[in-house]
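This report walks through selected features of one protein model. Please keep the sequence and the 3D view open while reading.

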Amino acid sequence: MTTRRILLGAAFAAPALGGAAAQGAWPERQVRFVVAFAPGGFTDVIARMLAERLGPAWGHTVVVENRGGAGGNLAARQIARVAPDGYTALVTTGAFAINLSLSRNPGYRAEEFDVAAVVAGTPNIFAVRAESPVRTLADLVELSRRRPLNYGTAGVGVAAHLSAELLFKRAGGTDVQHVPYTGAGPAMLALLAGNIDMVAASLPSAINQIRDGKARGLAVTSATRNSALPDVPTVAEAGLPPIVDVAWVAVMFPAGTPRPVLERANVDINRVMAEPAFQQRLRDGGFEPIGGSLDQATRYVAEEVANWREVVRTVNVQID
């Protein structure tokens, strides 16, 4: 987790988009983006933002479908087995990489997908309610050495849970209890009600409560501070061993998709990501654009798979 390379702020050196026929025949009909999670979440929102802009560029509608279930595994299993013709893509998150190690049988393999683009990333955040006497992450760790603490997350095995377990494991001598909820929303409500001492959550799920002064961000799990909450330090700045955990969103096609299709999708997605209005919408929600070439996107996901394998081994968590 400490050596992870990230591409935040990557340059978008993509050529301008032309008509659908300018770079080959693909696509000749509508393209489906299958989102691995339910409607309304950040993965769904980003997929729809992309679809809205790619449709006119491709000359065909990009349809967004939601197939939530099994922490993202359900959609991955299904899309791994569709024809690699470039007309069905999976839009997923870092859960894709985590679940390969977290689950004994996720139902898919990383090699069954070709990564077209890594769109954006957001860190997890450790937060307490505004009334808490805890002012810093170091304060929280010190308190956990004096008395038992509990923290909430969106569920067992989510990135925020694993990062929190890694944090306390590295700190040593702490007494903490994980309280899993059915989502980040219920976990945040439990924090504000005083039922838990801390919440570990994706930044977008906590950003409004922090901006409104109801909660206090202690640290973010990124290499640098997030532009949406510039006053919140990174874990390293908070004086603890660094944790770099970026919850990313990527577009993937089934393995065997023609290289020209992947290259076209990569170029066009990067071009959309370079639009100032698109970047601003991402940053308003706590995301930073990632981008990069097709080869960079492939390496990024491969490194994530390897990094999360090591984290899961270190914290010794499995869900089945």
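Buried means under 20% relative accessible area, exposed means over 50%, and partly exposed lies in between, with a 1.4 Å probe and protein chains only. The model is predicted: local features need pLDDT of at least 70, side-chain atom pairs count only at pLDDT 80 or more, and totals for chains, interfaces and linings use all residues. Residues are numbered from 1 along each chain as its sequence is written, and side-chain values use heavy atoms, with hydrogens and water left out.

**An enclosed helix**

Helices (H or I, at least four residues) and strands (E, at least two) are DSSP runs, numbered from the N terminus. Start with helix α3, residues 95-102. Seven of its eight residues are buried, so α3 is largely enclosed by the rest of the structure. The buried residues are Ala 95, Phe 96, Ala 97, Ile 98, Asn 99, Ser 101 and Leu 102. What do they pack against? Contact means heavy atoms within 4.5 Å. By that test, the buried residues of α3 pack against helices α2, α5 and α10 and strands β3 (88-93), β4 (113-129) and β9.

**Aromatic pairs**

Rings of Phe, Tyr and Trp (its six-membered ring) pair if their centres lie within 6.5 Å. Planes under 30 degrees apart count as stacked, over 60 as edge-to-face and the rest as tilted. How many aromatic pairs does the structure hold? There are seven. Two of them are set out here.

| Pair | Centre distance | Plane angle | Class |
|---|---|---|---|
| Tyr 151 and Phe 168 | 5.9 Å | 35° | tilted |
| Trp 248 and Tyr 300 | 6.2 Å | 90° | edge-to-face |

Tyr 151 is buried at 2% relative accessible area. Phe 168 is buried as well, at 6%.

Trp 248 sits in strand β9 (residues 246-254) and Tyr 300 in helix α10 (residues 294-315), so their pair ties together parts 52 residues apart in sequence. Trp 248 has 0% relative accessibility and counts as buried. Tyr 300 is buried too, at 3%.

One aromatic cluster is formed by Phe 96, Tyr 108 and Phe 113. Phe 96 is also among the buried residues of α3.

A ring can also carry a charge. A charge sits over a ring if NZ of Lys or CZ of Arg is within 6 Å of the ring centre and within 35 degrees of the ring normal. The charged end of Arg 29 sits over the ring of Tyr 87, 3.8 Å from its centre.

**Two helices in contact**

Axes are lines fitted to C-alpha atoms, for helices over the stretch in contact, and angles run from 0 to 180 degrees between N-to-C directions. Helix α1 (residues 42-58) and helix α9 (residues 276-284) have axes that come within 12 Å and cross at roughly 170°. This makes α1 roughly antiparallel to α9. For such angles, under 35 degrees counts as roughly parallel, over 145 as roughly antiparallel, 65 to 115 as roughly perpendicular and the rest as oblique.

From α1, the contact uses Ile 46, Met 49, Leu 50, Glu 52 and Arg 53. From α9, it uses Phe 278, Arg 281 and Leu 282. By class, this contact has five nonpolar, no polar and three charged residues. Here Ala, Val, Leu, Ile, Met, Phe, Trp, Tyr, Cys and Pro count as nonpolar, Asp, Glu, Lys and Arg as charged, and the others, Gly among them, as polar.

**Backbone exceptions**

Most residues other than glycine have a negative phi, and most peptide bonds are trans. Where does this model depart from that? The peptide bond from Trp 26 to Pro 27 is cis, with omega near -5°. Pro 27 lies in the segment before β1 (31-35). Ala 70 has a positive phi, near 55°. Its place is the loop between β2 (62-66) and α2 (73-79). Asn 316 also has a positive phi, near 60°. Asn 316 follows α10 and is exposed at 66% relative accessibility.

**Single sites**

Ser 202 lies in strand β7 (residues 198-202). Is Ser 202 buried or exposed? At 14% relative accessibility, Ser 202 is buried. Ser 202 touches Phe 42, Pro 123, Asn 124 and Ile 125, not counting residues up to four places away in sequence.

Val 158 is in the loop between β5 and α5 and is partly exposed at 28%. Val 311, in helix α10, is buried at 3%.
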